[in-house]
Amino acid sequence: MTTNASLTAHDSGLRRLLGRFPFLPALFILAVLLILNGIFEPNSLSFRSLTGLVRTYMALMLLAVAQTYVVYAADIDLSVGAIASLVNVTIIVLMQHMGGGGLSVLAALGVGVLVGLACGLVNGFVVAALRLQAIVATFATSIFFTGLALVILPVAGMPAPTVFWRTYGGSFFGIPFVFYAAATLAILLYLLARTRLATQLLAVGDGQQAAFQSGLPVTAIRIGGYALCGVFAALAAFCITGDTASGDPLVGAKMTLFSVAAVVLGGSALSGGFGTVAGSVIAALIIGLINSLVFFAGTPSHWQNFVQGLAILAALMVGVLVSRRGRA
Amino acid sequence: MTKLKLSGVSKAYGATLALRRGDLELDSGEVHVLIGANGSGKSTLCKIVAGSVRPDAGEVLLDGRAVTVSGPRAAQALGIGIFYQELSLADHRSVAENICLPDLPRQNGLFIDRTALRAEAERYIALFETVAGAALQADTIVGDLRADQRQLVEIMKALATEAPILIFDEPTSALDRAQVDRFFEILRDLKSKGRSIVFISHRMDEIFAIGDRVTVIRDGETVGTTTISETSPDAVIHMMVGEQETLATPQAAPPIHAPSTDIALKVEGLTGAGFHEVSFAVGRGEILGLGGLHGQGQSAILKALFGAVAPRSGEVKLAGERLRIDSPRSAIAQGLAYVSGDRGRDGVISGRPILENVTPIHALRNRLLLARPGRLAEKALPALKALNTKFAGLSHSIGSLSGGNQQKIVIARWLIDKPDILLLDDPTKGIDLSAKADLFALIRELAAEGLAIVLYSSEDAELLNNADRILVFNGGSVSRELSGAERTRYNLYQAAYEAA
């Protein structure tokens with residue numbers, strides 16, 4: 001084994017490294033962006049600003065994770081944003097009706113997770129059981145979910161109970177709440193990566209026919225991926241609600257394609273079978289840092305979208321170039 | 001002690017009958033060989049047993065009890081494991097995960113038990129330790145393995161089901177001698193433990209080395225079963241050939257052109273991916289057939305001649321002049337034409353009108369900058385007519401035509417400006433009988449006009465009826481040349497099935 005490896009030590013070293021940690025290019029881009037942010041605005045690397053960054057982009061990280069599980073199996077979910085919106089307005093309205101006490105908040109969150117799970121099951125049923133094209137079917141369900149959200153809360157602006165957003169924005173024992181949330185997420189992702197479902201999703205993504213012939217329950221596995229995606233979209237909705245402190249039936253819509261971009265930027269293959277959730281989390285942070293960099297670099301407001309788009313394209317290119325070298 | 005019995009099993013895909021009447025009796029503790037020509041239905045039979053294909057009719061008896069194998073999972077539950085010819089591996093997963101994929105070991109009901117997974121996989125990897133090569137480890141990603149190693153992993157995956165019935169559909173095609181020997185040792189061991197094994201191979205020596213009984217399938221029907229020790233390779237080939245020993249239609253036996261007089265294309269020592277040291281010559285007016293089992297290098301050579309895949313070494317001469325072909329574009333410029341049986345991928349420009357599908361080669365060869373539909377139609381119509389193509393109008397989409405007529409359009413493309421050499425890569429795949437007859441009539445006509453034609457066909461009857469000479473390929477090189485009266489089904493099979 002070692003004799004073979006030494007022949008092409010450099011290339012196969014990079015290859016093996018990327019094979020095990022496909023998110024390395026993303027990690028590299030993240031470091032570069034942190035440095036650039038520090039140059040333009042030294043304050044942006046302060047504990048406070050970083051906390052703010054994580055607080056704002058926790059929702060996107062969770063949505064990217066949600067999307068990753070679906071992409072594992074070579075599917076896609078264009079309704080993650082709509083699910084997040086639906087869960088956002090559902091818990092806001094529930095908390096409002098139940099008085100906004102601590103227990104009612106917990107009850108609302110429980111319902112929120114169930115709503116996310118239900119949406120995921122609907123997606124899974126439509127895509128895997130009815131065999132509709134994932135990209136179109138989930139686009140259709142996204143309109144459906146948004147419609148539901150608009151029925152529940154027609155106008156944006158109903159406020160969240162104080163206890164809810166105070167907790168999300170607050171600190172315990174000197175450590176901001178979002179870092180506890182991030183640590184919990186890390187443990188959760190670690191455990192999920194070890195489940196049978198994660199490996200089965202990747203195997204389905206590698207080749208549905210082969211997975212079927214191996215005796216895997218392909219339909220059930222794909223539905224499982226969508227269900228997991230729905231639950232994580234619900235968790236993302238909790239973060240959105242904590243960050244904005246209000247209900248908005250359209251809040252998640254613009255985040256859907258960002259979640260897809262984060263999955264790709266994180267080194268996962270849209271064709272399925274290959275990827276990591278860690279990469280998606282890092283990539284969500286990259287997108288967040290690009291946004292703040294555009295702001296700190298003093299870009300005039302009407303140029304911000306333009307620059308932001310270019311920067312994301314550049315980041316995607318760096319990632320693709322590095323992985324291609326590693327795979328060649 | 002019949003373990004598994006299939007009677008009258010059939011399966012059709014649309015109009016194509018993949019299996020007409022499959023019968024098989026599998027005993028406990030035997031290696032039962034299935035043999036039959038290309039497309040005779042062996043793989044379909046295996047997939048029916050393994051649950052990945054549902055039969056249209058027939059009965060499956062397991063231990064004397066009628067069972068319905070509703071899917072691969074159900075097959076596993078019934079104790080049937082299978083090695084798939086096209087492999088069923090997940091390329092990005094590790095060897096260990098692939099071996100145990102059908103039933104990943106769990107702990108606490110939810111998580112994969114990594115230790116158990118590894119231990120389980122290593123038991124099977126150890127079986128091939130001496131012959132698998134160092135790279136085949138439990139953690140290796142399957143996509144990084146060589147073809148033979150991937151095949152070994154698929155074998156291990158089948159073995160890991162520990163099923164009483166194991167089916168191996170061409171498990172040895174990429175393995176070397178030592179690996180095959182080791183595999184056979186393992187099979188003998190399993191046999192002695194009472195397991196039932198179905199084994200498919202195209203190598204006669206392997207069949208006689210490992211088999212106890214052999215069942216022959218011809219044209220989707222089980223012909224018969226005999227005991228290996230009481231038969232000979234010759235007798236088996238006779239069973240495969242059946243009554244069709246000689247040419248099906250002697251009228252097709254055309255005059256044989258002596259290739260030495262007027263050579264159009266000469267290939268010397270051509271070596272590339274999938275074929276090595278192939279030499280042959282085709283004369284003007286001659287139809288040279290390439291025969292043998294699927295994937296023995298016939299298609300690869302035609303693609304290399306057309307410049308689609310670069311050969312590693314060797315020489316190609318066109319009318320005595322050395323040919324430099326680095327792309328299909330330059331091949332076309334030098335008078336070569338290529339028609340693929342995979343028209344969806346290599347032929348049809350889907351969604352476009354018939355006219356556009358007939359004229360691209362004409363436009364390329366004459367460097368037309370502007371397309372004047374009226375002019376082009378004048379050129380296209382005679383070519384289409386020569387082929388008896390049925391179509392409503394030149395502006396209709398090619399998708400509105402049947403498969404046979406689509407293929408005629410693709411061939412018509414080459415007839416506006418006649419090429420010197422016509423390369424046909426299994427051109428009649430999925431085409432109805434009358435279209436086939438039209439095609440071969442035209443091909444014979446083209447040959448009479450002086451074209452040199454190289455024809456690969458996966459249907460042996462087509463070759464026997466239409467080729468003046470047949471080169472039988474085996475393992476990437478020519479194992480035998482059949483011409484004149486030697487062109488019999490028996491000779492073709494014998495050359496194709498002998499050890500490579």
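Gly242(B), which comes just after α9(B), takes a positive phi of about 70 degrees. This and everything that follows is read from a predicted model.

Helix α9 of chain B covers residues 233-241, and its buried residues are Val236(B), Ile237(B), Met239(B), Met240(B) and Val241(B). An α-helix has 3.6 residues a turn, so residues three or four places apart point the same way.

The domain assignment of chain B places residues 2-241 in domain 1 and residues 250-497 in domain 2, and the C-alpha centres of these two domains of chain B lie 36 Å apart. Where they meet, domain 1 of chain B contributes eight residues and domain 2 of chain B contributes nine residues. On the side of domain 1 of chain B that touches domain 2 of chain B, α9(B) gives the most, with three residues.

Chain B also touches chain A, in a contact that takes 22 residues from chain B and 20 residues from chain A. On the side of chain B, the elements that give two or more residues are α2 (72-78) and β8 (111-112) of chain B, and the largest share, three residues, comes from α2(B).

The table sets out the two sides by residue class.

| Side | Nonpolar | Polar | Charged |
|---|---|---|---|
| Domain 1 of chain B, touching domain 2 of chain B | five residues | three residues | no residues |

Terms used:
Residues are numbered from 1 along each chain as its sequence is written. Chains are lettered from A and ligands numbered from 1 in the order in which they are written. This is a predicted model: local features need pLDDT of at least 70, side-chain atom pairs count only at pLDDT 80 or more; totals for chains, interfaces and linings use all residues. Two residues are in contact if their C-beta atoms, placed from the backbone, lie within 7 Å. Helices (H or I, at least four residues) and strands (E, at least two) are DSSP runs, numbered from the N terminus. A residue is buried if 20 or more other C-beta atoms lie within 10 Å of its own, exposed if 12 or fewer, and partly exposed in between; C-beta atoms are placed from the backbone. Domain bounds come from an automatic or database domain assignment. Ala, Val, Leu, Ile, Met, Phe, Trp, Tyr, Cys and Pro count as nonpolar, Asp, Glu, Lys and Arg as charged, and the others, Gly among them, as polar.
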